[in-house]
Amino acid sequence: MAEHIVSPHSHHHDDSHITSSKTIFGFWLYLMTDCILFATIFAAYIVLKHGTFGGPSAGEALNLRSSLNETLVLLVSSFVCGLAQVAALREDKRKTQAALILAFLLGGLFLWMLMNDLTLLVQGGNGWQRSAFLSAYFTLVGTHLMHIVAGLLWMVVLVLQILYRGLTIPTHRRLLCLRLFWHFLNIVWIFIFTIVYLWGSL
Amino acid sequence: MKTNLRSTKPHEWAELGTFKSYFFGFLLSCILTVLAYFIVANHVFTGTAIIVTTLACALVQMLVQFIYFLHLGKESAPRWNIIVFLFMLLVMVILVFGSLWIMHHLNYQMMLPEEMEMHMHTHEGI
């Protein structure tokens, strides 16, 4: 533990930490505003949940079992992304990349499972045009899905950057922001799982 | 002055890297997810109790992940991250509960007379 502690005087002349911590704080601000975006969509979903217009309700349209699998896959992906951070702080380039690739594959699996569910809904004639409930559902899950796609692209770019440039201060900073983003998406998904899937099946 | 990478990292980053903290957070999250699923799938409770318990599971899991994955509260003063986080929570609560309250009230005010009669009969005991 002691080797991690650096006296504040040793890097007074180096601006890169100040830039880094400003970037991370800025990214944190973005995540907090994203939370508010999701909160508005959640509010809209809860209001429109009963507007099924003769179509299926949440309990009829959604598969609780497959949502549990998706939740667990995303949780493991989030955990593995944390392990990438652990490896990066130990300067272990290989393990950092391995953890990032594993997190990417698990995230991809989550995306594939979710896309399967959504495709089945649309093929069954229950697309977003069907009712207010399904519009709200697709908006909520679709917004989360777009974020997941962005996170997966980010992982690919970061793995390549670490491959070519190594674990420099900028790649460290990017990894830290990516990890925050990925954990944040998992936290949003907890609420989608609870409010949409668990409450929907009651 | 030659410095290695470790000493050029901001000192607060060192706190982010313990395997134990991630694993503990992961384990707790798994348990809470499966617990919430179990409660719903097996109908352990009914009515409001099931809503409250599953929401509690979600909120506790959110807290667990904010602490063990996002390391909220571990930063040094002036703690801007947590201040912004708390402000976000305030905005979120106003937004969500405000919207639901307004829409519920609107529904109530816009009911047809016969609907109102039924509503009063079933919900208000009149």
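Colleague: Leaving aside its neighbours within four places in sequence, which residues is A:Val80 in contact with?

Modeller: A:Ala99, A:Leu102, A:Ala103 and A:Leu106. They count because a contact means that the C-beta atoms of two residues, placed from the backbone, lie within 7 Å. Bear in mind that this is a predicted model: local features need pLDDT of at least 70 and side-chain atom pairs count only at pLDDT 80 or more, while totals for chains, interfaces and linings use all residues. As for labels, residues are numbered from 1 along each chain as its sequence is written, and chains are lettered from A and ligands numbered from 1 in the order in which they are written.

Colleague: What makes the 71 residues around there the largest nonpolar core?

Modeller: The term covers a set of buried Ala, Val, Leu, Ile, Met, Phe, Trp, Tyr and Cys residues joined through C-beta atoms within 7 Å. Buried, in turn, requires 20 or more other C-beta atoms within 10 Å of a residue's own, whereas 12 or fewer makes it exposed and anything in between partly exposed; these C-beta atoms are placed from the backbone. The largest such set has 71 residues, and A:Val80, A:Ala84 and A:Ala103 have the most contacts inside it.

Colleague: Which elements give two or more residues to this core?

Modeller: From chain A, α1, α2 (58-61), α3, α4 (93-123), α5 (132-165) and α6; from chain B, α2 and α3 (48-68). α6(A) has the largest share, 18 residues.

Colleague: How do you know how many helices chain A has?

Modeller: From DSSP runs, numbered from the N terminus: H or I over at least four residues is a helix, E over at least two is a strand. Chain A comes out with six helices and zero strands, and chain B with five helices and zero strands.

Colleague: What fraction of chain A counts as buried?

Modeller: It's 40% of its 202 residues. For chain B, buried residues make up 18% of 126. Among contacts between residues at least 6 apart in sequence, 82% in chain A join residues at least 24 apart; for chain B, that share is 51%.

Colleague: How many residues of the two chains are in contact overall?

Modeller: 48 of chain A with 42 of chain B. On the chain A side, α1(A) supplies the largest share, 15 residues. That side divides into 30 nonpolar, 16 polar and two charged residues.

Colleague: Why is A:Lys93 called partly exposed?

Modeller: A:Lys93 has 15 C-beta neighbours inside 10 Å, which puts it in the intermediate class. A:Lys93 lies in α4 of chain A and, beyond its neighbours within four places, touches A:Ile162, A:Gly166 and A:Leu167.

Colleague: What makes A:Phe53 exposed?

Modeller: A count of 9 other C-beta atoms within 10 Å, so A:Phe53 lands in the exposed class. A:Phe53 sits in the loop between α1 and α2 of chain A, and its phi is positive, near 50°, though it isn't glycine.

Colleague: Where does A:Glu91 lie?

Modeller: In the loop between α3 and α4 of chain A. A:Glu91 also has a positive phi, about 65°, but with 14 other C-beta atoms within 10 Å it is partly exposed. Most residues other than glycine have a negative phi.

Colleague: What makes you say that α5 of chain B is hardly covered?

Modeller: The count of buried residues among the eleven in α5(B) (113-123) is zero.

Conventions:
Nonpolar A, V, L, I, M, F, W, Y, C, P; charged D, E, K, R; others polar.
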